[in-house]
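Subject: Structure handover

Hello,

Here is the structure I promised to pass on. Please open it next to this message.

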Amino acid sequence: MRELSLHVVGADHPNRGGGNRRFEILLCTPGEPVTLVPEPRNPVDPHAVMVLSARGVQIGYLTADRAAWIGAMLRQGREVAALFQQATPMGAAIRVAFDGAVPTLPAVVGAEADPEPEFWPDEVPPDDWE
């Protein structure tokens, strides 16, 4: 089974019909499905592949180096399943699998994996807080 993680970029650009891509990324949860949509009429890149959240809101595009390859697979009718993996500084990461396979998310490492973070905000502001 072949699967890999791909970057989603362009999160700082507004969506055509309004809406904030970064906000939509914050609403995404790891493992929820995302949809890949080739955009052959994209004026910047005819190989562009748009990424839509499970709610149908655009969260960005695949990077140009992967878009041509994934877009060609989609146009040929190959099945490409995709899941939201995580938010990233550039936008997001998604996990894809091919030809009927179901993508699996890699294990989370680092601070995100800590079930008991060391910092919790105060429930009430301190008395000297103005």
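My notes on the fold, the core and the side-chain pairs follow. Keep in mind that this is a predicted model.

The sheet first. Six strands make up an open sheet, ordered β2-β3-β4-β1-β6-β5. Their pairing is antiparallel. The edge positions belong to β2 (35–38) and β5 (80–88). Each has a single partner strand, so one side of each lacks a neighbour in the sheet. On average, neighbouring strands are turned by 35 degrees against each other, direction ignored.

Strand β1 covers residues 3–9 and pairs with β4 in the antiparallel sense, over two bridges. V8 is the residue that stands opposite L62 in β4. Helix α2 (residues 64–75) packs on the sheet. This helix touches β1, β2, β3, β4, β5 and β6 (91–98). Its direction makes about 90 degrees with that of β2.

Now the core. The largest nonpolar core has 22 residues. Which members touch the most others? They are L36, V51, I59, L62, I94 and V96. At least two residues each come from β1, β3, β4, α2, β5 and β6. The largest share is that of β6, with four residues.

Leaving aside residues up to four places away in sequence, L62 touches L6, H7, V9, L36, V49, V51, A67, I70 and I94.

S53 is also worth a stop. This serine sits in the loop between β3 (49–52) and β4 (58–62). Is S53 buried or exposed? Its relative accessible area is 2%, so S53 is buried. Its contacts, again without residues up to four places away in sequence, are E24, C28, P33, V34 and I59.

On to aromatics. A search of the whole structure gives one aromatic pair. The partners are W69 and F98, with ring centres 5.7 Å apart. Their planes lie at 55 degrees, so the pair is tilted. W69 belongs to helix α2 and F98 to strand β6, so the pair ties together parts 29 residues apart in sequence. W69 is partly exposed, at 27% relative accessibility. F98 is buried, at 7%.

Last, the charges. The whole structure holds six salt bridges. Three of them are set out here.

- E3 and R95: the closest N and O atoms are 3.1 Å apart. The pair links strand β1 to strand β6, across 92 residues. Both E3 and R95 are buried.
- R55 and E32: the closest N and O atoms are 3.2 Å apart. R55 lies in the loop between β3 and β4, E32 in the loop between α1 (21–27) and β2, and 23 residues separate them. R55 is partly exposed at 42% relative accessibility, whereas E32 counts as buried at 13%.
- D99 and R78: N to O is 2.7 Å. D99 is in the segment after β6 and R78 in the loop between α2 and β5, 21 residues apart. D99 is exposed at 51% relative accessibility. R78 is partly exposed at 32%.

There is a network too: salt bridges with shared partners join E24, E32 and R55. Two of its members have come up already: E24 is among the contacts of S53, and R55 is in the loop between β3 and β4.

Best wishes

Conventions:
Residues numbered from 1 in each chain as written. Predicted model: local features only at pLDDT ≥ 70, side-chain atom pairs only at ≥ 80, totals over all residues. Heavy atoms only, no water. Buried < 20%, exposed > 50% of the residue type's maximum accessible area, 1.4 Å probe, protein only. Contact = heavy atoms within 4.5 Å. Pairing = 2+ DSSP bridges. Axes fitted to C-alpha atoms, helices over the stretch in contact; angles between N-to-C directions. Core = buried A, V, L, I, M, F, W, Y, C linked by side-chain atoms within 4.5 Å. Phe/Tyr/Trp six-rings, centres within 6.5 Å; stacked < 30°, edge-to-face > 60°. Salt bridge = Lys/Arg side-chain N within 4 Å of Asp/Glu carboxyl O.
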